[in-house]
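Colleague: I would like to learn how to read a few features from a structure. Could we go through them one at a time?

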Amino acid sequence: MSEQRNKVRSLKGKLKINAVLKLETGLHIGGASDFAPIGAVDSPFIRDPYTKQPIIPGSSLKGKIRTLLARSLSDTPWLNGIEDDKDEVKVLFGTAGDGKNGAVASRLQFTDIRLTKESLDRLRLMDLDTFIGEVKFENKIDRISARATPRQIERVPAGAEFAFSVTYNVEVMDEAADDIRLLADGLKLLQMDYLGGSGSRGYGRVSFRDFAVEVFSLNEASRQALADMQPELENILKG
């Protein structure tokens, strides 16, 4: 792959992968809190600045899935630097250039994901602590002095559902199935791990369902080839 690093491949088409991401446990991905009045939660979750609804940033999804794959594919006892990821990971998620090598463009484009309309309607009817949020009270206990430090953490409640979406650039037709298979492995790892903070305390367990693949290409032959491949790709994702 190193010989091709400074070349940009042609685009055969695009695949848009849609699914429903469900929170099995409360999720906390921290947001900024420039002003914290008395009684406010100590650690709010990130919200869309316009709607004030919770979002899951695309950067959180991309970073977590990539790290889980890199750890799983590592040949050493320690996680390597991002520049030493396996080629199949670099091609899928991209890598920045350095003094010796050019950048590798990501074949995946993640996006911030938002609540489905149905989930938003359900949550609006619930008696919650904040707008579409719950507040979990926790205590940090010093094991020597037994001194307690209370804190309040805002979470998106378990059961909330988000409209997951990621777009894949088809650069090499023969590599598309293997790339989607690697993405599917990353999503399976994520479902056995956690998203956001405090995962070791049970936060951020997620599941996926209702995978669907949309096909688009300006080339008729490529569009037909991708359409023929579509059922196989959906089966890969559904696992």
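Modeller: We can start with a charge and a ring. Arg201 lies over the face of Tyr203, 5.8 Å from the ring centre. Keep in mind that this is a predicted model.

Colleague: Which residue lies over the face of Tyr203 at 4.6 Å from the ring centre?

Modeller: That is Arg155.

Colleague: Next, rings with rings. How many aromatic pairs does a search of the whole structure find?

Modeller: It finds three. One of them is Phe93 with Phe110: the ring centres are 6.3 Å apart and the planes meet at 15 degrees, so the pair is stacked, the cut-off being under 30 degrees. Phe93 belongs to helix H2 and Phe110 to strand S3, so the pair links distant parts of the chain, 17 residues apart.

Colleague: Are Phe93 and Phe110 buried or exposed?

Modeller: Both are buried. Phe164 and Phe208 make an edge-to-face pair, with 5.2 Å from centre to centre and 75 degrees between the planes. Phe164 is in strand S7 and Phe208 in strand S8, so this pair ties together parts that lie 44 residues apart in sequence.

Colleague: How do I read the pairing of strands?

Modeller: Look at the direction and the bridges. Strand S1, residues 13-23, pairs with strand S7, residues 161-170, in the antiparallel sense over ten bridges. Within that pairing, Asn18 stands opposite Ser165.

Colleague: How many bridges join S1 to strand S8?

Modeller: Nine, and these two strands also run antiparallel. As an example, Lys16 has Glu214 in S8 as its bridge partner.

Colleague: What can I check on a helix?

Modeller: Its span. Helix H4 covers residues 176-191, which is 16 residues, and at 1.5 Å a residue it should span 22 Å. The end C-alpha atoms are 23 Å apart, which agrees. Buried residues of H4 include Ala176, Asp179, Leu183 and Leu190.

Colleague: Last, a single residue. Where is Arg107 placed?

Modeller: Arg107 sits in the loop between helix H2 and strand S3. Its relative accessibility is 2%, and the cut-off is under 20%, so Arg107 counts as buried.

Colleague: With which side chain does the side chain of Arg107 make a polar contact?

Modeller: With that of Glu175, at 2.9 Å. Leaving aside neighbours within four places in sequence, the residues in contact with Arg107 include Arg9, Val91, Tyr168 and Asp179.

Methods:
Residues are numbered from 1 along each chain as its sequence is written. This is a predicted model: local features need pLDDT of at least 70, side-chain atom pairs count only at pLDDT 80 or more; totals for chains, interfaces and linings use all residues. Side-chain values use heavy atoms; hydrogens and water are left out. Helices (H or I, at least four residues) and strands (E, at least two) are DSSP runs, numbered from the N terminus. Buried means under 20% relative accessible area, exposed over 50%, partly exposed in between (1.4 Å probe, protein chains only). A polar contact is a pair of N or O atoms within 3.5 Å; within protein, one must be able to donate a hydrogen and the other to accept it, and residues adjacent in sequence count only if both atoms are side-chain atoms. Contact means heavy atoms within 4.5 Å. Two strands pair if DSSP finds at least two bridges between them. The expected span of a helix is 1.5 Å times one less than its number of residues. Rings of Phe, Tyr and Trp (its six-membered ring) pair if their centres lie within 6.5 Å; planes under 30 degrees apart count as stacked, over 60 as edge-to-face and the rest as tilted. A charge sits over a ring if NZ of Lys or CZ of Arg is within 6 Å of the ring centre and within 35 degrees of the ring normal.
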